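Let's walk through this structure together, one region at a time. Please keep the model open as you read.

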Amino acid sequence: MTDTTFRAAVVEDFGPELNLRDVEMPTPGRNQALVKLQASGICHTDLHAAEGDWPVKPEPPFVPGHEGVGEVVELGPGDHSVKVGDIVGNVWLWSACGECEYCRTGWETLCNQAEYGGYTVNGSFGTYMLVDTRYCARIPEGSDPVEVAPILCAGVTVYKGLKVSETKPGQFMVISGVGGLGHIAVQYAVAMGMRVIAVDIADEKLELAKKHGAEFTVNAKHADPAEAVQEFTDGGAHGVLVTAVHPQAFGQAVGMARKGGTIVFNGLPPGDFPAPIFEIVFKALTIRGSLVGTRQDLAEALDFYARGLIKPTVSECSLDDVNAVFEELRHGKVDGRMSIRY
Ligand code: NAD
Ligand code: ZN
Ligand code: ZN
């Protein structure tokens, strides 16, 4: 490696503007690889990170991005299961301890020692990044890097969310919020045999959901989604997956669910929502949070893509566009996912 610096989009202070500048080239440590980026998706989480939206904050300066795809160019010390030239990806679960109760019981996403890509460790908004080769994504051969990138966060997150909803083939699943996560969720739910209903506050998003197989849509700006879903499903949806970036959608999920149904929260807008105790008890609802997915979930999520069952709707941009893309994300203007091509 001869370059000593590379270009990246850096959060210097919490706020809407990333600073495009050169940063120092890192040296891969034990179990790490240096990766030359080909593409990176831009997740709404990157915007939350840059704005310092969440109670647990990253420490500026840092480079966001956790849907990065690129080629391994150098390996650090250690035994690696990837080699120079392999195409890999960074993910939110950048690494975990591998030893704790969570790691040992299939809940590595909850590891207290976990590092998060583009949050506690520099991410994929730059031409190079580090990955931990024990946790990085293995990109299926023949993938278009720009198209596969959103699977690394949006895809695995909603795939896992759908799994833990325990909704069965033939049952109704509401996808609330049809952005980067939600438009892929519609596709996984269809591929898993569920009957999909999409809810958003923008008609373009609902059109996209229909294109991907939703059989019924509700614009929550113009109609009460609980009423509409109750009527269409004759009693409510068996599962509700909330990927929306507004707390209002979280409260509405309770009204859309069927008795005995499961609501899964993926979205992470700052704030709270009113939880109607009577309705939750009398409908015997399960409400659960779900955070990205394990390495196994990721492998399965990527396999759906490799088999052609999932095709993210992606628009390409360049690293220099990242601030403009943030502005569009903030206003719900991105159709599907924006993905940087390096
Ligand atoms: P996005 O901006 O691409 O999509 C958000 C969608 O929500 C948009 O389509 C928008 O129109 C819609 N929306 C806004 N208000 C709504 C409302 N009141 N009702 C219904 N829909 C509404 O964002 P994204 O990249 O898909 O991320 C979505 C959320 O998921 C973010 O908060 C992100 O941080 C979070 N996230 C969580 C995980 C996890 O592991 N749990 C992983 C990735 C992202
Ligand atoms: Zn993400
Ligand atoms: Zn652990």
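Is Arg330 buried, exposed or partly exposed? Arg330 is partly exposed, with a relative accessible area of 30%; here buried means under 20% relative accessible area, exposed over 50%, and partly exposed in between, using a 1.4 Å probe and protein chains only.

A word on conventions before going further. This is a predicted model, in which local features need pLDDT of at least 70 and side-chain atom pairs count only at pLDDT 80 or more, while totals for chains, interfaces and linings use all residues. Residues are numbered from 1 along each chain as its sequence is written, chains are lettered from A and ligands numbered from 1 in the order in which they are written, and side-chain values use heavy atoms, with hydrogens and water left out.

Back to Arg330, which forms a salt bridge with Glu51, their closest N and O atoms being 3.1 Å apart. A salt bridge is a side-chain nitrogen of Lys or Arg within 4 Å of a carboxyl oxygen of Asp or Glu. This pair links distant parts of the chain, with Glu51 in helix α1 (residues 44–51) and Arg330 in helix α11 (residues 322–330), 279 residues apart. Helices (H or I, at least four residues) and strands (E, at least two) are DSSP runs, numbered from the N terminus. Glu51 is also partly exposed, at 28% relative accessible area.

The structure holds 17 salt bridges. One of them joins Glu279 and Lys283 at 3.3 Å, N to O; Glu279 is partly exposed at 29%, whereas Lys283 counts as buried at 12%. Elsewhere, Lys160, Lys163, Asp297 and Glu300 are linked in a salt-bridge network.

Next, look for the zinc ion (ligand 3). Its protein donors are the SG atoms of Cys97, Cys100, Cys103 and Cys111, lying 2.3 to 2.4 Å from the metal. Donors are N, O and S atoms within 2.8 Å of the metal (3.2 Å for Na, K and Ca), and sites may look incomplete because water is not among the atoms. Along the chain, the donors follow the spacing C-x2-C-x2-C-x7-C. The angles subtended by the four donor atoms run from 107 to 117 degrees, so the arrangement is tetrahedral; four donors count as tetrahedral if all angles lie between 85 and 135 degrees. Cys100 and Cys103 are both buried.

Now turn to the sheet. Six strands form an open, parallel sheet in the order β12-β11-β10-β13-β14-β15, where two strands pair if DSSP finds at least two bridges between them. At the edges stand β12 (216–219) and β15 (286–289); each has a single partner strand, so one side of each is left without a neighbour in the sheet. The twist averages 15 degrees from one strand to the next. Axes are lines fitted to C-alpha atoms, for helices over the stretch in contact, and angles run from 0 to 180 degrees between N-to-C directions.

Within this sheet, β10 (residues 172–176) and β13 (residues 237–242) pair in the parallel sense over four bridges, and Ser176 stands opposite Val242 in β13. Helix α5 (residues 180–191) packs on the sheet, touching β10, β11 (195–200) and β13, and its direction makes about 170 degrees with that of β10; contact means heavy atoms within 4.5 Å. Finally, seven of the ten residues of helix α8 (residues 247–256) are buried, so α8 is largely enclosed by the rest of the structure. Among the buried residues are Phe250 and Met256.

How values were computed:
Four donors count as tetrahedral if all angles lie between 85 and 135 degrees; four count as square planar and six as octahedral if opposite donors are over 155 degrees apart and all others between 65 and 115; anything else is irregular.
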